[in-house]
Amino acid sequence: MPTPLLDVQSLSKRFGERVLFSDISFSIAEGQRVGLIAQNGTGKSTLLSMLTGDEPADSGRIIYRNGIKVGYLKQEPTFPHGATVLEACFHGCEHEDDARLKAKQILTQLKITDTAQPISQLSGGQQKRVALAQILISSPDLFILDEPTNHLDLEMVEWLESFLQRGNKSLLMVTHDRFFLDNVCSLILELDNKTIYPYRGSYTYYLEKRQQRTSATIANIQHANNLYRHELEWMRRQPQARGHKARYREEAFHELEKVAKQRIEERQVRLKASNVYIGSKIFECQYVSKAFPPRHEASAAEGKVILKNFYYNFARYEKMGIVGNNGTGKSTFIKLLLGLVQPDAGKFDIGETVRFGYFSQEGLQFNEQQKVIDVVRDIAEHINLGDGRSYSASQFLQHFLFSPDQQYDYVYKLSGGEKRKLYLCTILMRNPNFLVLDEPTNDLDIKTLQTLEEYLQDFPGCVIVVSHDRYFMDKVVDHLLVFKGGGELQDFPGNYTQYRQWSKLQTREKAEEAKSKRQKGDAAGSKATAQGGDTRRRMTYKERLELQQTEKDIAALTKEKEAIEQQLSTGTISVEQITELSKRLSSLLATLDAKELRWLELSELEA
């Protein structure tokens, strides 16, 4: 059996009295794509840092196959001081010239265009994309990726998904994107109850098998509890009354006690609010226009149009998803609605009963010295669910998977994902009737996402969600507002998967329609010629032969172009091959352009 790329043996880690995991073991074979799943705060990112040597282990061994190269994408990457985007990308690459070419290709896919810009001038999201590009360019033997889809728009996520699927790539990644997990990974590792559970299949397979494991564990705990109560009575007797096999039975009792006191955090009740009231008038977007001027007078191309004379009337109980590439104006649209940014023309007419709850990308601000429970209690002691029902602050936090112990921890002890979750709770505790959520899924664990999905599905008010999480959007929204850039918007009646299917169908239909028009045009031209009604110059015999040869040349060149593009995108070829293929592609495209132009000239003539 071949040596695994990575072998983890009996690994343990704790911070103070808090045990993250104990005595865990797993391995990653060549060509295996592994997804790591766990709740926020249970040690996912810590485990990745230990695997790459950034964090020490308390005990256990981490063994890599000799000579392999590991590429590690951190949550918060760092770069050489003063580096440009391009320099940051090929930092650490053996062949700088070859890396430059590959860097430009991958950066284009990740929508980073100014490769000479200092990395320090980029936003946090752009820096994460540059770090991702650097890892992909370096072509490591093992990818270790911490939330690789954060800060990517849907188009980039789908491109990355395709990139990682190709070839015999080996990877270990943490991600909350369940479509991404399902499409990329063939093995799921769940970090739960301080140990590792492997599931040899996709995310869908994991869901099925995890439910079976949880049900079996619950049954085992119930059985242990029944036996525990009986044994507890025996333990409470005086030592002399216990019988001659007391020592063996006492040891068995303590093992039984461990099982009986296990907790399975499975919520059986959905949190449904019925007291939320919102009037029939929600908001009307009255012919709103918004554009940002260019940063430099000499470059009008740097200006950006967000909305052009846009009208929309938001309906009661509507759940809208907003999608589009980064930079097309999704977050700006929300800020316009909330009055945080002023339109250039038009206005938003908001109903009197509307109470917004806004979860923003920039809103994560807490007193780090406060306890978690006090952060929420400062907003409200209880949340009224209607029908005489209410949740205390503690019950509400527990529903969003903050254990009683965590609620009395200080905020500074929370992980990044736990802070995002606490921020979400502070929004919901204010009992809004119109939720506006800008990228709410970033850094949240899957269990919390499932809780939030249920909450939003049952929410009796209005919801707008900006998200690149396709699974989340499919679960929550009933239609989409698609930002296409340049002020062009499309209202689509359906979820994201339905929109993608429709888009592909539209593309196919347009191609077939164009082909049909060409064929009809050829037929009409032939008829006109036969009737003597066309006075255009006829094609000479030599030109007819040239047209036939040009069509053959275009077909051959197109086929070669597609083959080269496919090779360049595999990530499995050498840097020397990348250089040669890129040179050939550049020459080929120029030839193809010339051939297509000549074909158009010849096709205008009548045969």
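Mentor: Let's begin with a term: buried means under 20% relative accessible area, exposed means over 50%, and partly exposed lies in between, using a 1.4 Å probe on protein chains only. This is a predicted model, where local features need pLDDT of at least 70, side-chain atom pairs count only at pLDDT 80 or more, and totals for chains, interfaces and linings use all residues. Residues are numbered from 1 along each chain as its sequence is written, and side-chain values use heavy atoms, leaving out hydrogens and water.

Trainee: Why does T550 count as buried?

Mentor: Its relative accessibility is 4%, and the limit for buried is under 20%, so T550 counts as buried. Across the protein chain, buried residues make up 46% of the 607 residues.

Trainee: What does T550 touch, leaving aside residues up to four places away in sequence?

Mentor: T550 touches K595, W599 and L602, where contact means heavy atoms within 4.5 Å.

Trainee: Now the helices. Why are helix 4 and helix 5 called roughly parallel?

Mentor: Helices are DSSP runs of H or I with at least four residues, numbered from the N terminus. The axes of helix 4 (residues 124-138) and helix 5 (residues 154-165) cross at roughly 15° and come within 13 Å. Axes are lines fitted to C-alpha atoms over the stretch in contact, with angles from 0 to 180 degrees between N-to-C directions. Angles under 35 degrees count as roughly parallel, over 145 as roughly antiparallel, 65 to 115 as roughly perpendicular and the rest as oblique; helix 4 and helix 5 are therefore roughly parallel.

Trainee: Which residues meet there?

Mentor: R129, L132 and L136 in helix 4 meet M156, W159, L160, F163 and L164 in helix 5.

How values were computed:
Helix = DSSP H or I, 4+ residues; strand = E, 2+ residues; numbered from the N terminus.
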